[in-house]
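Please consult the sequence and the model below alongside the text.

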Amino acid sequence: MTRNNTPVLVDLGQQRASLDAHLESGDLSDASDVIRAGLRALDREAAGRDAVVKAGIELALDDPRPSRPARDVFDRLRDKQGARAKRTGPDAA
C-alpha cells in the first residue's frame, strides 16, 4: 500500500547543512525536493550496481570454459591462504 503525501519526520543530523546549502543555492525549492532528489540518486546508484552484477552473472553464464568443482576451487584457495600465511608468519596482521 502506497502512502503518498504522508509526512515523514527525519533527523538529518550533520547533513542538515547540506540540505540548507541545496536550498540556498536555489537548485531545489524545498526540503521535500532535496529528499526526493537524494532518493532518486540512491535509486540510480542501486540500479547501476544491479546492472554490474547482472552483467557479471551473464558473463559467467556465457563463459565457454568448463565449470570447476567447488571442492577444487576451495582447495586452491586454502592452498593460497596457507602459502600466504607461511610467507607473512603468525605475527603478521
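A residue is called buried when its relative accessible area is under 20%, exposed when over 50%, and partly exposed in between, using a 1.4 Å probe and protein chains only. Buried residues make up 2% of the 93 residues in the protein chain. The model is predicted, with local features requiring pLDDT of at least 70 and side-chain atom pairs pLDDT 80 or more, while totals for chains, interfaces and linings use all residues. Residues are numbered from 1 along each chain as its sequence is written, and side-chain values use heavy atoms, with hydrogens and water left out.

**Fold and overall dimensions**

- The protein chain contains three helices and zero strands, where helices (H or I, at least four residues) and strands (E, at least two) are DSSP runs numbered from the N terminus.
- In sequence order, the pattern of the protein chain is α-α-α.
- The radius of gyration of the protein chain is 24 Å, well over the 12 Å that the globule rule gives for 93 residues, so the chain is more spread out than a compact globule; the radius is taken over C-alpha atoms, and the rule is 2.2 Å times the number of residues to the power 0.38.
- Along the principal axes, the C-alpha atoms of the protein chain fill a box of roughly 60 × 40 × 30 Å.

**Surface**

- The accessible surface of the protein chain is about 8900 Å², and 54% of this belongs to carbon and sulfur atoms; the areas come from the Shrake-Rupley method with a 1.4 Å probe, and for residues only the protein chains shown count as cover.
- Patches consist of residues with over 30% relative accessible area and no salt bridge, with like charges joined within 9 Å and nonpolar side chains (Val, Leu, Ile, Met, Phe, Trp, Tyr) within 5 Å.
- Ile-35, Leu-39 and Leu-42 make a nonpolar surface patch of about 260 Å², and Leu-42 is placed in helix H2.
- A surface patch of positive charge gathers Arg-68, Arg-76, Lys-80, Arg-84 and Arg-87; Lys-80 is situated in helix H3 (residues 70-88).

- The protein chain carries 16 positive and 16 negative side chains, and the centres of the two sets lie 9 Å apart.
- Lys and Arg count as positive and Asp and Glu as negative, whereas His and the chain ends are not counted; the place of a charge is NZ of Lys, CZ of Arg, CG of Asp or CD of Glu.

**Salt bridges**

- Side chains of opposite charge can pair when their charged atoms come close.
- A salt bridge is a side-chain nitrogen of Lys or Arg within 4 Å of a carboxyl oxygen of Asp or Glu, and the count by this rule is six.
- Arg-16 bridges to Asp-20, with the closest N and O atoms 3.0 Å apart; both residues lie in helix H1 (residues 16-25), four residues apart, about one turn of the helix. Arg-16 is partly exposed at 46% relative accessibility, and Asp-20 is partly exposed at 25%.
- Lys-54 bridges to Glu-58, with the closest N and O atoms 4.0 Å apart; both belong to helix H2 (residues 31-62), four residues apart, about one turn of the helix. Lys-54 is exposed, with a relative accessible area of 51%, whereas Glu-58 is partly exposed at 39%.
- Arg-78 bridges to Asp-75, with the closest N and O atoms 2.9 Å apart; both lie in helix H3, three residues apart, about one turn of the helix. Arg-78 counts as exposed at 53% relative accessibility, whereas Asp-75 counts as partly exposed at 33%.
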